[in-house]
Amino acid sequence: VSSLSSLGQWQREIENCTDMNVCRYYDTGAKADTGRALIRRYEWYFPGYENRVDSMKFDVLITTSDTFMQDVDILLKVPWLSICVDEGQRLRSSKSRILEILKPIKSVFKLLFTSNPAQNNTRELYSLLHFCDPDVFYSDRAFMKEYGDIRTKAQFESLQKNVSPYMLRRVKEDVEKSIPPLEETVIFVELTQMQKKHYCAIFDENRQVLYKECKPGIKH
């Protein structure tokens, strides 16, 4: 499940790196439903095996969250091995529409891609963990009681220990060794004479100097 702008990129990456058959399940326009029906007819099933979800043509299906929500009744019938969600931070809110749609989907494992899993909010973190492994993270109340208000090092280390098996952190320097070290260059630029004049007038609350630069009728 990805954003519309990333569908093509995901398809290229999968096809370039694997020999899996990829189905891009998306269509737009007034006849979008008809278009997706054609995709299901010709790219989902082998001849003579129509509507047989135990024998699908594709190995990977790529779609958008909107399409998933529109065809959720159809997609629920497919025995998915895995569910991968790009921009997984959209599932942080327990009231997220896409989260509610994805929860009933049965799969062997789930994978979220995100650059920002939580914003110092353990409830958002719980939402992601519960989606990935509801058998382990089954109680919002218990999780928040333990980690809702982290004040001690022991609490932090306990949370880190419980979360670390579910997270794989990737940083640029680990992926691309040729990236040079970060350099910061500070360039000081002097104010122009007019800028200095206005700055001093604002600092000294000298309205007369500022009024001289105003057009008639806007001295408020």
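These questions and answers walk through a predicted model of one protein chain.

Visitor: How are residues numbered, and what does the model count?
Guide: Residues are numbered from 1 along each chain as its sequence is written. In this predicted model, local features need pLDDT of at least 70, side-chain atom pairs need 80 or more, totals for chains, interfaces and linings use all residues, and side-chain values use heavy atoms, without hydrogens and water.

Visitor: Which helix gives the most to the lining of the largest pocket?
Guide: Helices are DSSP runs (H or I, at least four residues), and strands are E runs of at least two, numbered from the N terminus. Helix 1 (7-17) and strand 3 (82-85) are among those that each supply at least two residues. The most, five residues, comes from helix 1.

Visitor: How does helix 7 lie to helix 8?
Guide: Axes are lines fitted to C-alpha atoms, for helices over the stretch in contact, with angles from 0 to 180 degrees between N-to-C directions. The axes of helix 7 (residues 140-147) and helix 8 (residues 153-163) come within 10 Å and cross at roughly 140 degrees. Under 35 degrees is roughly parallel, over 145 roughly antiparallel, 65 to 115 roughly perpendicular, and the rest oblique. That makes helix 7 to helix 8 oblique.

Visitor: Which residues in helix 8 does helix 7 meet?
Guide: Contact means heavy atoms within 4.5 Å. Phe 143, Glu 146 and Tyr 147 in helix 7 meet Gln 155, Ser 158, Leu 159 and Asn 162.
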